[in-house]
Amino acid sequence: MTATTSPAVALDARLRQLDMGDGPFAPAKVAELDRKEAFPTDACSALDDFGLGAHYVPVKHGGRLERFPDLVALWRTVARRDLTAAIGHGKTFLGGACTWVEGNAKQAAALGEEIQQGARVSWGLTERHHGSDLLAGELSATRTSEGWRLDGEKWLINNATRGHLVSVLARTEPAGGPRGFSVFLVDKRTLPPGAFHCLPKERTHGIRGADISGIAFTGADVPDSALVGRQGGGIELVLKALQLTRTVAVAMSLGAGDHALRLTVDFAKAHQLYERRLVDLPRARRPLGQAATQLLLAEAVTCVGSRSLHALTNEASLTSALTKAFVPSAINDMIAQLADLMGARSFLSDVYAHGMFQKLERDHRIIAIFDGSTLVNRNAVINQFPVLVRAWRQERRDAEGLATATTLTAPLPEADLSRLALISLGGCSVVQGLPAALQRLQALEEGGGVPKHVAVLARALGTATAAVHERMAAHPPSPRDVPPEAFHLAEHYEACFAGAACLHLWLNHQARATGPLWSDALWLEACLVNVLSRLGVETAPDAADVFDRLAATVVDAPGLVSLLDDVRTEGAP
Ligand SMILES: Cc1cc2nc3c(=O)[nH]c(=O)nc-3n(C[C@H](O)[C@H](O)[C@H](O)COP(=O)(O)OP(=O)(O)OC[C@H]3O[C@@H](n4cnc5c(N)ncnc54)[C@H](O)[C@@H]3O)c2cc1C
């Protein structure tokens with residue numbers, strides 16, 4: 001599959017010069033900073049020099065962010081070298097997101113200019129005693145004659161200390177509630193001494209060099225112009241901005257997955273035991289194939305999720321939650337699987353590849369926690385079960401938007417952020433488009449265009465998806481005390497989404513795509529077997545053999561394992 005030109009290829013070429021010798025992305029350097037818990041300043045400066053910040057600013061506000069999939073590709077390129085640098089640098093996009101969604105033209109242009117000049121922006125949502133529960137936030141903004149006065153603390157904030165500006169969610173009505181919060185873009189550089197102080201860096205399990213700290217305001221006066229969006233509209237604004245950030249943040253997972261797979265394949269090819277290479281033991285090949293499948297699934301979901309921000313914008317409350325719940329979990333599983341294969345080398349910090357595996361394993365844990373944990377995102381899907389059931393039964397879908405979201409060569413319209421909504425009234429076109437996709441597959445099968453056993457797997461996904469909707473219909477809405485079964489069901493719905501994303505992508509590209517992953521629908525088969533196993537659907541006894549066949553492709557692959565041409569040409573991490 002060929003995406004249109006990607007700035008990630010240029011970034012990769014630049015980073016290849018910097019990940020050797022004593023360059024800032026060289027594994028020895030990355031490991032040293034991690035050991036010292038030191039911020040990767042030189043790496044982030046190199047990203048600044050490349051102009052990565054311009055890709056955090058939408059084109060309409062003077063930057064170069066035109067397509068969210070491009071931002072995903074850029075972050076993935078950095079993350080496959082060092083998650084600490086990727087997260088440390090990328091935070092500025094998250095910090096700006098509220099302004100891109102609802103800031104006025106003047107605010108957005110000014111912030112866009114600042115970011116392109118190198119300003120770092122952080123995002124302060126969480127408080128010490130209130131993690132995901134945004135409505136419990138205590139930091140207050142009180143009206144003054146000239147603006148607002150901020151008091152209170154935000155804690156566990158990435159770049160709170162290093163950042164120049166911070167987007168803050170503040171309580172503007174003492175009673176709180178959904179209309180009781182507002183967002184302020186606070187420029188720390190304009191505050192008088194004593195109006196704020198940064199909290200100490202917290203020591204962390206992974207991304208040890210990152211600036212995970214906090215900020216406390218004491219009577220900090222900010223002008224009226226610091227208010228982003230409507231007074232009282234802060235919660236809604238944050239929930240919309242999170243739809244952007246949750247979707248693109250999973251790029252970090254893809255980068256970690258690329259890195260983990262490459263390290264393990266290289267190790268398994270070089271490591272000798274019982275007078276053979278590890279990679280030649282059948283028991284070793286299967287996990288490689290299974291791990292590659294997780295990565296391909298995660299990539300397919302991310303690809304469709306990020307394109308959906310443009311093509312199915314009003315469904316982003318669902319596609320973002322599904323993407324953020326699915327991808328980091330899949331990559332966590334993948335990394336754990338590969339760690340088993342690496343054995344001691346996954347645990348030692350100096351012996352193999354400068355301990356990069358154990359670092360990425362630790363670093364990656366955070367992706368499933370921040371910006372809405374996996375459970376928080378599943379909860380967001382559960383809240384929309386009734387809409388999803390109705391839309392499935394009515395066979396509703398935005399066929400045009402779905403085709404654009406799942407066809408990589410289709411031009412993407414500008415993402416109209418005013419169409420972001422808290423609920424997707426149309427449900428999820430990716431899943432609701434599954435029956436029509438199965439009809440297309442059947443026509444192909446009749447013409448011999450797809451192996452019969454793969455079509456059987458796809459039909460099993462269709463049957464399982466219908467059953468999941470029946471179970472969702474039977475689930476009584478319970479906004480407060482959500483039972484564990486509902487989370488299990490949401491996890492199953494995610495699997496349906498992932499399987500459907502794969503099928504759409506495969507159908508839309510199979511006629512022209514070439515290469516071993518596409519031969520006999522190899523990657524689709526592997527992904528369907530994985531998804532059906534997640535759904536508890538029994539498959540043929542030899543179904544798992546597909547992972548061995550995929551492993552052969554992975555071991556022989558000259559570069560990265562990916563459905564995307566741009567990624568494949570970027571070479572080894
Ligand atoms: C390294 C790091 C960087 C961070 N960067 C930032 C940042 O830049 N800006 C920022 O605002 N915050 C940031 N955070 C905070 C982070 O977003 C929160 O920690 C996160 O939202 C999870 O909250 P919690 O685990 O602290 O607490 P809680 O939200 O109280 O969660 C505790 C547990 O409850 C679960 N849970 C929460 N809600 C539900 C639900 N509805 N249903 C079921 N289970 C639920 C959670 O998954 C978790 O397992 C960062 C945190 C870390 C560790």
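Colleague: Which residue forms a salt bridge with aspartate 12?

Modeller: This is a predicted model, in which local features need pLDDT of at least 70, side-chain atom pairs count only at pLDDT 80 or more, and totals for chains, interfaces and linings use all residues. Residues are numbered from 1 along each chain as its sequence is written, and side-chain values use heavy atoms, with hydrogens and water left out. A salt bridge is a side-chain nitrogen of Lys or Arg within 4 Å of a carboxyl oxygen of Asp or Glu. With its closest N and O atoms 3.7 Å apart, the partner of aspartate 12 is arginine 80.

Colleague: How many residues apart in sequence are the parts that this pair ties together?

Modeller: Helices (H or I, at least four residues) and strands (E, at least two) are DSSP runs, numbered from the N terminus. Aspartate 12 lies in helix α1 (residues 7-18) and arginine 80 in the loop between α4 (68-79) and α5 (83-102), so the parts tied together are 68 residues apart.

Colleague: Is arginine 80 buried or exposed?

Modeller: Buried means under 20% relative accessible area, exposed over 50%, and partly exposed in between (1.4 Å probe, protein chains only). Aspartate 12 is buried at 1% relative accessibility. Arginine 80 has a relative accessibility of 1%, so it counts as buried.

Colleague: Which strand holds arginine 149, the salt-bridge partner of aspartate 221?

Modeller: The side chains of aspartate 221 and arginine 149 meet at 2.7 Å, N to O. The pair links distant parts of the chain, 72 residues apart: aspartate 221 is in strand β7 (residues 212-223), and arginine 149 is in strand β3 (residues 147-158).

Colleague: Which backbone oxygen does the side chain of serine 424 reach?

Modeller: Serine 424 is found in the loop between α14 (399-405) and α15 (429-432). At 1% relative accessibility, this serine is buried. Its side chain reaches, at 2.6 Å, the backbone oxygen of glycine 427.

Colleague: Is leucine 425 buried or exposed?

Modeller: Leucine 425 also lies in the loop between α14 and α15. Its relative accessibility is 65%, so leucine 425 counts as exposed.

Colleague: What span does UniProt give for the feature "domain: Acyl-CoA dehydrogenase/oxidase C-terminal"?

Modeller: UniProt positions are given in the numbering used here, feature names are shortened, and annotations may be inferred rather than shown by experiment. The unreviewed UniProt entry places the feature at residues 232-382.

Conventions
Polar contact = N/O pair within 3.5 Å; in protein donor to acceptor, adjacent residues only side chain to side chain.
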